[in-house]
Amino acid sequence: MMFSDGLTPRPARILVVDDQPINIQVLYQVFHHDHQVLMATNGQQALKIARTQHPDLVLLDVEMPGMDGHEVCRRLKADRDTAQIPIIFVTAHREEAEETLGLELGAVDFIGKPINPAIVRARARTHLTLKAQADQLRRWVFIDGLTAIGNRRHLDTQLSTEWRRAKRNGSDLSLLMIDVDHFKRFNDRYGHQAGDECLRRLAGTLRETLRRPADLVARYGGEEFACLLPETPFAGARQIAETLRRKVESLAIPHADSDTAACVTISLGFCTHEPLGPTDEEQFMRAVDEQLYAAKHAGRNCVCGRIADAQTAPATTD
Ligand SMILES: [Mg+2]
């Protein structure tokens, strides 16, 4: 079974947690031919591996000295980054009360000790299949159907994540909003199919230009795109915006009804949030919007940007 973190498929990862190395070894023998097996001999180690290695399934011993399996499960489920990982308890005590507690904590299944390899394999396969399907759905939820880049929901989610990260690390965060110039006229003249094709080409160009893994390109709506650029200072963001503008212009997609140029062009507005900037994410979005508006008024096919400092917080214009 193959899983993918973003674009690269990889074999499913199973994390085996047990304080007895011999038990880990038994499970390793069951799974290592088809899966990548990660191992932990205590709760702390298990949490750390789960957060950094993103296993697709956890086989969790209940009785361990120090942090027991129930507590490990509780913490994995409480953390947004690990809450999706299915957990199967491996236990010698299959009493009703214990199973009830395990299920209430969010476990998906139980396996009795001593383990039966065929049963363990079958149960693991079931939960890995469900996990793979859920991962696929989660990805689809964040993808724009027309252009295959991120959608607005993806941008909003990532913006919140990166916003918190920038605050925490005191790093710069830049956001670009992009609007296709005179796109309605393009659709009116060339038809909606040509319009869709145009948006697909623009999306492809934006995505190819932003090559850093943390950069996000999203279709924000209609003919509006956004680029989220973590750890990007003002000068860097301006350079990227200018590159995007030039690349779109050099696609030379004919646009006979544009007042701006003979081809399709874009207007770009951006803001860079510096560590001492405004604390409000929505104000930041509004400030970016205002820059896009300014670019439109400056004649289109151009870039307007500013640093979102404490004084920026623009009044809403609508
Ligand atoms: Mg144990």
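User: How are the domain bounds in this predicted model assigned, and how many Å separate the centres of domain 1 and domain 2?
Analyst: Domain bounds come from an automatic or database domain assignment. On that basis the chain of this predicted model is divided into domain 1, residues 2-140, and domain 2, residues 152-308. Taken over C-alpha atoms, the separation of the two domain centres is 41 Å.

User: Which residues have the most contacts inside the largest nonpolar core?
Analyst: Nonpolar side chains tend to be buried together in soluble globular proteins. The largest such core here has 27 residues. At least two residues of this core come from each of β8 (173-180), α7 (183-190), α8 (192-209), β10 (224-230), α9 (234-251) and β11 (266-273). The residues with the most contacts inside the core are Leu-176, Ile-178, Val-180, Phe-225, Cys-227, Leu-244 and Leu-268.

User: How many residues does the second, separate core have?
Analyst: The second core is separate and includes Leu-15, Leu-38, Ile-87 and Phe-110. Its residue count is 22.

User: In what order do the strands of the open sheet of 5 strands lie?
Analyst: The edge strands are β9 (216-221) and β12 (303-308), each of which pairs on one side only. Within the sheet, β8 and β10 pair in the antiparallel sense over 7 bridges, and Leu-173 stands opposite Pro-230 in β10. Pairing in the sheet is mixed, and the order is β9-β10-β8-β11-β12.

User: What angle does the direction of helix α6 make with that of β9?
Analyst: Neighbouring strands of the sheet are turned by 20° against each other on average, direction ignored. Helix α6 (residues 152-169) packs on this sheet and touches β8, β9, β10 and β11. The angle between the directions of α6 and β9 is about 130°.

User: Which protein residues are donors of the magnesium ion?
Analyst: Along the chain, the donors follow the spacing D-x41-D-x1-E. The protein donors lie 2.1 to 2.2 Å from the ion. They are Asp-19 (OD), Asp-61 (OD) and Glu-63 (O).

User: How many residues apart in sequence are the parts that Asp-19 and Glu-63 tie together?
Analyst: Asp-19 is in the loop between β3 (13-17) and α1 (21-31), while Glu-63 is in the loop between β5 (57-61) and α3 (69-78). The pair therefore ties together parts whose distance in sequence is 44 residues.

User: Does Asp-19 count as buried, partly exposed or exposed, and why?
Analyst: Buried means under 20% relative accessible area and exposed means over 50%, with partly exposed in between. Asp-19 has 21% relative accessibility, so this residue counts as partly exposed.

Conventions:
Residues are numbered from 1 along each chain as its sequence is written. This is a predicted model: local features need pLDDT of at least 70, side-chain atom pairs count only at pLDDT 80 or more; totals for chains, interfaces and linings use all residues. Side-chain values use heavy atoms; hydrogens and water are left out. A nonpolar core is a set of buried Ala, Val, Leu, Ile, Met, Phe, Trp, Tyr and Cys residues joined through side-chain atoms within 4.5 Å. Buried means under 20% relative accessible area, exposed over 50%, partly exposed in between (1.4 Å probe, protein chains only). Helices (H or I, at least four residues) and strands (E, at least two) are DSSP runs, numbered from the N terminus. Donors are N, O and S atoms within 2.8 Å of the metal (3.2 Å for Na, K and Ca); water is not among the atoms, so sites may look incomplete. Two strands pair if DSSP finds at least two bridges between them. Axes are lines fitted to C-alpha atoms, for helices over the stretch in contact, and angles run from 0 to 180 degrees between N-to-C directions. Contact means heavy atoms within 4.5 Å.
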